[in-house]
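Could you walk me through this model in the viewer? I would like to know what to select at each stop and what is there.

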Amino acid sequence: MTTMKRVLVLAGDGIGPEVVREALRVIDWIDRRRHVPFDVQQGEVGGAAIDAHGTPLADATMALAQEADAVLLGAVGGPKWDALPFAQRPERGLLRLRKELQLYANLRPATVFAPLVDASTLKPEIVRGLDLMIVRELTGGIYFGEPRGIELLPDGQRRGINTQVYTTSEIHRVGRVAFDLARKRGSKVCSADKANVMESGRLWREEIQKLRDESYSDVELEHMYADAVAMELLRRPNRFDVIVTDNLFGDILSDEAAMMTGSLGMLPSASLGDQRADGGRKALYEPVHGSAPDIAGKDLANPIATILSLSMMLRWSFDMHTEADLIEQAVEGVLASGTRTGDIMAPGMARVSTTVMGDSILHELDKLSA
Ligand SMILES: NC(=O)C1=CN([C@@H]2O[C@H](COP(=O)(O)OP(=O)(O)OC[C@H]3O[C@@H](n4cnc5c(N)ncnc54)[C@H](O)[C@@H]3O)[C@@H](O)[C@H]2O)C=CC1
Ligand SMILES: CC(C)CC(=O)C(=O)O
Ligand SMILES: [Mg+2]
């Protein structure tokens with residue numbers, strides 16, 4: 001018997017609702033055409049939740065997220081809420097979800113679809129065939145460390161403080177995810193840190209090395225400074241297989257990697273917690289991009305990152321590899337036919353809207369499963 005897949009959808013702000021709407025149509029397609037029942041609940045996060053409930057994530061929504069098999073999120077934030085204190089900003093809603101669901105491993109694959117080789121700002125020979133995985137630590141580091149704040153000094157200056165903190169167990173658990181993934185891919189891990197200037201970076205390096213020597217001696221490990229990784233990503237991205245790094249460096253390096261694939265609008269992500277004894281795990285899926293206020297409400301956003309995040313959900317939360325493959329093939333087919341949103345458009349191609357991109361992917365899914 002096929003069990004019901006309980007998915008909580010939090011569309012969020014800006015282009016969030018626009019891109020999530022297209023992913024919901026794909027869920028509906030799977031439900032109808034592949035006879036896999038989904039129980040989709042919807043809630044607010046970010047600015048939308050501030051407007052509706054006065055907080056970036058209501059406790060009731062947090063409880064729904066705890067109960068769901070998986071969460072699909074659009075994006076949060078926008079100029080309307082930019083002046084709010086940090087604790088009340090839209091981004092805190094997302095950070096609370098990550099922290100309370102203990103989603104410590106953020107998988108951000110950067111894959112270049114063949115038809116998009118020319119959409120990258122890098123030369124085709126640099127990005128062709130790119131298939132790398134960034135594993136970003138997501139619940140520790142400088143985004144959560146204490147002390148933090150902005151304080152007034154006696155001389156009238158203000159001082160901003162954030163703290164980078166990691167413990168051995170936080171490093172080991174995300175390291176294990178990276179090494180396990182590498183075993184299924186090219187068996188190579190690059191660990192990015194700043195061990196030359198930060199104590200937390202030195203600890204990161206020592207513990208990743210220890211983990212590799214004790215449990216993953218079959219996997220090749222190299223350590224690099226995060227700034228050098230930023231440089232190498234532009235020079236020779238194909239040298240990388242899996243990159244494991246902390247919360248802040250992972251945030252930055254994955255936006256950089258996104259541009260190899262043509263656009264931030266192409267990059268999906270999965271945020272995973274520990275696997276339970278029953279094989280399940282807490283998980284949240286979201287595009288890597290933000291709420292893109294500059295194009296919000298105009299039906300211009302690329303929904304592919306969100307649709308590919310759904311495909312990651314099918315793989316990681318529901319073991320539905322056939323359907324995940326179908327979605328990825330449909331995206332590739334649509335791109336090959338020259339259907340492009342503005343962010344991945346090449347000269348001479350017509351620009352389609354978010355909705356038409358969604359229509360085209362559904363049409364391609366129909367064709368593939370006819
Ligand atoms: N996970 C999340 O919810 C994230 C939220 N944010 C928030 O989003 C807001 C805007 O941040 P930005 O720095 O502008 O980053 P952004 O990712 O929203 O936009 C950066 C640029 O990429 C373009 N872009 C992004 N996604 C696109 C898509 N799907 N299709 C076409 N073009 C796309 C935007 O138009 C913009 O020019 C801020 O409030 C920020 O805090 C930023 C990053 C992640
Ligand atoms: C809390 C988010 C807005 C930070 C971010 O840029 C991301 O996770 O990609
Ligand atoms: Mg980011």
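Predicted model: local features only at pLDDT ≥ 70, side-chain atom pairs only at ≥ 80, totals over all residues.

Residues are numbered from 1 along each chain as its sequence is written, with chains lettered from A and ligands numbered from 1 in the order in which they are written.

**Stop 1: ligand 1**

Select ligand 1 and the 23 residues around it; G77, G265, H289, G290 and N302 come nearest. A residue belongs to such a shell if its C-beta atom, placed from the backbone, lies within 6 Å of the molecule. By class, this shell holds eleven nonpolar, eight polar and four charged residues. Here Ala, Val, Leu, Ile, Met, Phe, Trp, Tyr, Cys and Pro count as nonpolar, Asp, Glu, Lys and Arg as charged, and the others, Gly among them, as polar.

Stay with N302, in the loop between β12 (281-287) and α10. Helices (H or I, at least four residues) and strands (E, at least two) are DSSP runs, numbered from the N terminus. N302 is buried, with 29 other C-beta atoms within 10 Å; buried means 20 or more such atoms, exposed 12 or fewer, and partly exposed in between, with C-beta atoms placed from the backbone. Leaving aside neighbours within four places in sequence, N302 is in contact with S263, G265, M266, T341, D343, I344 and M357, where contact means C-beta atoms, placed from the backbone, within 7 Å. Try the distance tool between the C-alpha atoms of N302 and L264: they are 8.9 Å apart, although 38 residues separate the two along the chain.

**Stop 2: ligand 2**

Now select ligand 2, with E91, L94, L95, D251 and V288 around it. Helix α4 (residues 90-100) gives the most to this shell, three residues. The classes here are three nonpolar, no polar and two charged.

**Stop 3: the core**

Next, colour V71, L72, V135, A178, I243 and L310, which touch the most other members of the largest nonpolar core, a group of 107 residues. Such a core is a set of buried Ala, Val, Leu, Ile, Met, Phe, Trp, Tyr and Cys residues joined through C-beta atoms within 7 Å. Leaving out residues up to four places away in sequence, V135 touches A105, L107, V174, V177, A178, L181, V242, I243 and V244.

**Stop 4: helix α7**

Select residues 199-215, helix α7. Which of its residues are buried? They are S200, G201, W204, R205, I208, L211 and R212. These cover an arc of only 140° around the axis, so they sit on the same side of α7; the arc is that of the directions from the helix axis to the C-beta atoms. They pack against α6 (168-184), β8 (188-193), β9 (220-225) and β10 (242-245). Turn to the face away from the buried side to find the exposed E199, D213 and E214.

**Stop 5: backbone details**

Most residues other than glycine have a negative phi, and most peptide bonds are trans. H35, in the loop between α1 and β2 (38-43), has a positive phi of about 55°. H35 is exposed, with 8 other C-beta atoms within 10 Å. D299 also has a positive phi, near 60°, and is partly exposed, with 15 other C-beta atoms within 10 Å. Finish at the peptide bond from E146 to P147, which is cis, with omega near 0°; P147 is in strand β6 (residues 145-152).

Definitions and conventions: Contact = placed C-beta atoms within 7 Å. Expected span 1.5 Å × (residues − 1).
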